[in-house]
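Student: I've just opened this model and I'd like to work through how it packs together. Let's go piece by piece.

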Amino acid sequence: MSFRSTFLGAGTYLPQRVVSNDELARRVDTSDAWIRERTGIGQRYLAAPHETCAVMAAAAARAALSSAGVDANEVDAVLLATSTPDQAFPATAVRVQAALGMTGGFAFDLSAACSGFIYALSVTDALIRSGQARTVLVIGAEVFSRLLDWQDRATCVLFGDGAGAVVMRAGPADGPGLLSTHLHSEGSTGDLLYVDGWAGRDEATGHLRMNGREIFRHAVSKLAGAVDEALAANGLAYADVDWLVPHQANKRIIDGMGRKLGLPPERVVVTVDRHANTSAASIPLAFAEAIGDGRIRPGDLVLMEALGGGLTWGSALLRL
Ligand code: UT7
């Protein structure tokens, strides 16, 4: 029996506290105008101490299960993409498993920086296609505010906190669902975007460091390749894509990809203006928002792509 991974439901969690560009401009030498013009970011959500990775991931997971109409005990696997787990171990995913009251299945974290959700979708697809899991909860959750250097204006204005989750389930191989995922990494570029220590729930000993200009350059070329690869593998053309749900790092990168695909702006899901860059959470947050408000509909072809520290990058094509 062969399967395809079909989408059942999505959910999100955003912290209570919204921080505007103007508020940041009172702490570091920046301005609302610079941040908006160079990145498209207008505000971000920042977690309070009690809003840990596990707490936010579990909240997004509950919302996804509820929208899917699936009970937590039907879930066979919980995959949590994060670079900001609460602890080195146990995996934050098992904390989520406990918070959901699951009595079976298995759970683990997956680390691929901003590409984490695409990586998690790919592993999910392998588990489902092989018959090892029937129903999988795929979560991206991040508290990047805990690993930012709040004195460094070049990075602290760029990121936000949040969580997004989707429920995937085995369906017929000739039905809708995940058509493909493509993953890449390039360890030789690992020092372009990294954390120089450990970041967890409490006092971080490391901070995010980024060569923004170089990352931008790699993002434009590598994401173009990942998108072309996804469509070619499925015998599809740019015109077949209904929605682009990109990683939300910079509006200029997102707009460039929309133009390459020939998509009108209203077919590109954008949250970076309100969420900033939430790393592994950015795609499920954007996707869940566009599912929730009825923009993305059954039958639509959705293209996802992301690039992040590693460098890691990849793409996913999903037929709703
Ligand atoms: O999610 C992982 C993937 N990450 C990305 O895809 C991020 C990719 N990179 C970017 O999005 C952009 O490179 C940034 C938004 C990070 C930076 O934009 P940029 O247009 O590449 O600016 P830049 O780094 O070249 O800096 C331009 C100027 C510099 O001043 P000088 O040297 O020209 O005098 C910076 O010091 O802007 C200055 N600058 C700032 N000014 C005001 C840097 N950060 C700020 C700031 N406010 N926050």
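Student: Leaving aside neighbours within four places in sequence, which residues is Leu307 in contact with?

Tutor: Quick ground rules: this is a predicted model, where local features need pLDDT of at least 70, side-chain atom pairs count only at pLDDT 80 or more, and totals for chains, interfaces and linings use all residues. Residues are numbered from 1 along each chain as its sequence is written, and side-chain values use heavy atoms, with hydrogens and water left out. Contact means heavy atoms within 4.5 Å. With those sequence neighbours set aside, Leu307 is in contact with Cys114, Ser115, Ile215, His218, Ala219, Lys222, Leu223, His247, Thr312 and Trp313.

Student: Which element gives the most to the largest nonpolar core?

Tutor: A nonpolar core is a set of buried (under 20% relative accessible area, 1.4 Å probe, protein chains only) Ala, Val, Leu, Ile, Met, Phe, Trp, Tyr and Cys residues joined through side-chain atoms within 4.5 Å. The top contributor, with seven residues, is helix 7.

Student: Which are the edge strands of the four-stranded open sheet?

Tutor: The sheet is mixed and runs in the order 8-13-12-11, with pairing taken as at least two DSSP bridges between two strands. Each edge strand pairs on one side only, and they are strand 8 (177-185) and strand 11 (243-246).

Student: How many bridges join strand 12 to strand 13?

Tutor: Strand 12 (residues 301-308) and strand 13 (residues 312-319) run antiparallel. Met304 stands opposite Ala316 in strand 13. The number of bridges joining the two is eight.

Student: Over to helix 4: within what arc do its buried residues fall?

Tutor: The buried ones in helix 4 (residues 92-99) are Thr92, Ala93, Val96 and Gln97. They line one face of the helix because, going by directions from the axis to the C-beta atoms, they fall within an arc of 155 degrees.

Student: Last one: which side chain makes a polar contact with that of Arg169?

Tutor: Arg169 is in strand 7 (residues 161-172), and it counts as buried because its relative accessibility is 14%. A polar contact is a pair of N or O atoms within 3.5 Å, one able to donate a hydrogen and the other to accept it; residues adjacent in sequence count only if both atoms are side-chain atoms. At 2.8 Å, the partner is Thr135.

Methods. Buried < 20%, exposed > 50% of the residue type's maximum accessible area, 1.4 Å probe, protein only.
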